[in-house]
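These are my notebook entries on one structure, written down as I looked things up. I begin with charged side chains and then turn to rings, backbone and surface.

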Amino acid sequence: MASLPKRFRLPFLTAVSCLAIAGILALRPPYNALTALTRAAGMLGYLFVFYAIVASAFKKQVFRLLGIPFMKVHHTFAVSGLLLMTVHPLFMAAELADPGLLAPRLDSLESFLTFGGHPAWALFVIAAAAAMLSRRIPHWRALHQLTYPAFLLGTVHAVKIGTDVGVSPFREIALAMAAIVVAVWIGQRIQNYRRKTRAEKRPVP
């Protein structure tokens, strides 16, 4: 990708991601087009949100690599991922003719985690809304942090009942992605703590 002009790198990354998802689908061919769209939307949405989260830890590197401000890259993947995560359960419910699939499962912790895509989606929506309304919400960043538990819930959901992610080696890849997201969160907390400490030690004029 380094040999590509910067203006083509983001589209190239997106195209490669789509081709990778298509390749995964080909390993377990869908029954019909709606099944393919359902599975593709779920996996691609999950991947795009992963990109958005990881990019937040490498703002300068993202700009140097893609030649695009971090916030534009972050928003592109976050919004695209959320839209795909929205249509994923809608397609599933349409395919199975069961609107009940859109409701969270609260009968047990096991069911809640297994079908954790629903609460994960709700947390992603809250996190995105907080960012969009940041000027009106004093502590919007705290709400935006819901992205991290949302991603972990989505991972559990995908690993436990995902047609594609629920099997090896994609299960292990998803778990590694979740571990990276946790590492990003820890790294940002450490960075914020150090920044706050330096600010407190700065002499008052």
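Which side chain meets Lys160 in a salt bridge? I looked this up first, keeping in mind that the model is predicted, and found Glu110 as the partner, with N to O at 2.9 Å. Lys160 belongs to helix H8 and Glu110 to helix H5, so this pair ties together parts that lie 50 residues apart in sequence. I noted Lys160 as partly exposed because its relative accessibility is 41%, and Glu110 as partly exposed too, with a relative accessible area of 47%.

**Entry: other salt bridges**

I counted 4 salt bridges in the structure. Among them is the one in which the side chains of Arg105 and Asp107 meet, at 3.4 Å from N to O. Here I wrote down Arg105 as partly exposed, at 34% relative accessible area, and Asp107 as exposed, at 55%. Another joins Glu172 and Arg171 through their side chains, with an N to O distance of 3.4 Å; I have Glu172 at 37% relative accessibility, which counts as partly exposed, and Arg171 at 28%, also partly exposed.

**Entry: aromatic rings**

I then turned to the rings and found 6 aromatic pairs. In one of them, Phe48 and Tyr51 have ring centres 6.3 Å apart and planes at 35°, so I recorded the pair as tilted. These two residues are 3 apart in helix H2 (residues 33-55), and about one helical turn therefore separates Phe48 from Tyr51. Phe48 is buried, its relative accessible area being 6%. Phe48 also pairs with Phe77: the ring centres are 5.3 Å apart and the planes stand at 50°, so this pair is tilted as well. That pair links distant parts of the chain, since Phe48 is in helix H2 and Phe77 in helix H4 (residues 70-96), 29 residues apart. I noted that both Phe48 and Phe77 are buried. On a separate ring, that of Phe70, I found Lys59 lying over the face, 5.0 Å from the ring centre.

**Entry: a histidine and two backbone details**

I looked at His118, which is placed in helix H6 (residues 117-132) and is buried, with a relative accessible area of 18%. The side chain of His118 reaches the backbone oxygen of Phe115 at 3.1 Å.

Going through the backbone, I found a cis peptide bond between Ser168 and Pro169, with omega at about 5°; Pro169 sits in the loop between helix H8 (147-161) and H9. I also marked Ala97, which has a positive phi of about 55° although it is not a glycine. Ala97 lies in the loop between H4 and helix H5 (109-114), and I counted Ala97 as exposed because its relative accessibility is 66%.

**Entry: nonpolar surface**

Last, I asked which residues make the nonpolar surface patch. I listed Leu152, Val182, Trp185, Ile186 and Ile190, which together make a patch of about 390 Å². Helix H9 (residues 170-201) gives the most to this patch, with 4 residues. I checked Ile190 in particular, which is found in helix H9 and, at 41% relative accessibility, counts as partly exposed.

Technical notes. Residues are numbered from 1 along each chain as its sequence is written. This is a predicted model: local features need pLDDT of at least 70, side-chain atom pairs count only at pLDDT 80 or more; totals for chains, interfaces and linings use all residues. Side-chain values use heavy atoms; hydrogens and water are left out. Patches are made of residues with over 30% relative accessible area and no salt bridge: like charges are joined within 9 Å, nonpolar side chains (Val, Leu, Ile, Met, Phe, Trp, Tyr) within 5 Å. Accessible areas come from the Shrake-Rupley method with a 1.4 Å probe; for residues, only the protein chains shown count as cover. Buried means under 20% relative accessible area, exposed over 50%, partly exposed in between (1.4 Å probe, protein chains only). Rings of Phe, Tyr and Trp (its six-membered ring) pair if their centres lie within 6.5 Å; planes under 30 degrees apart count as stacked, over 60 as edge-to-face and the rest as tilted. A charge sits over a ring if NZ of Lys or CZ of Arg is within 6 Å of the ring centre and within 35 degrees of the ring normal. A polar contact is a pair of N or O atoms within 3.5 Å; within protein, one must be able to donate a hydrogen and the other to accept it, and residues adjacent in sequence count only if both atoms are side-chain atoms.
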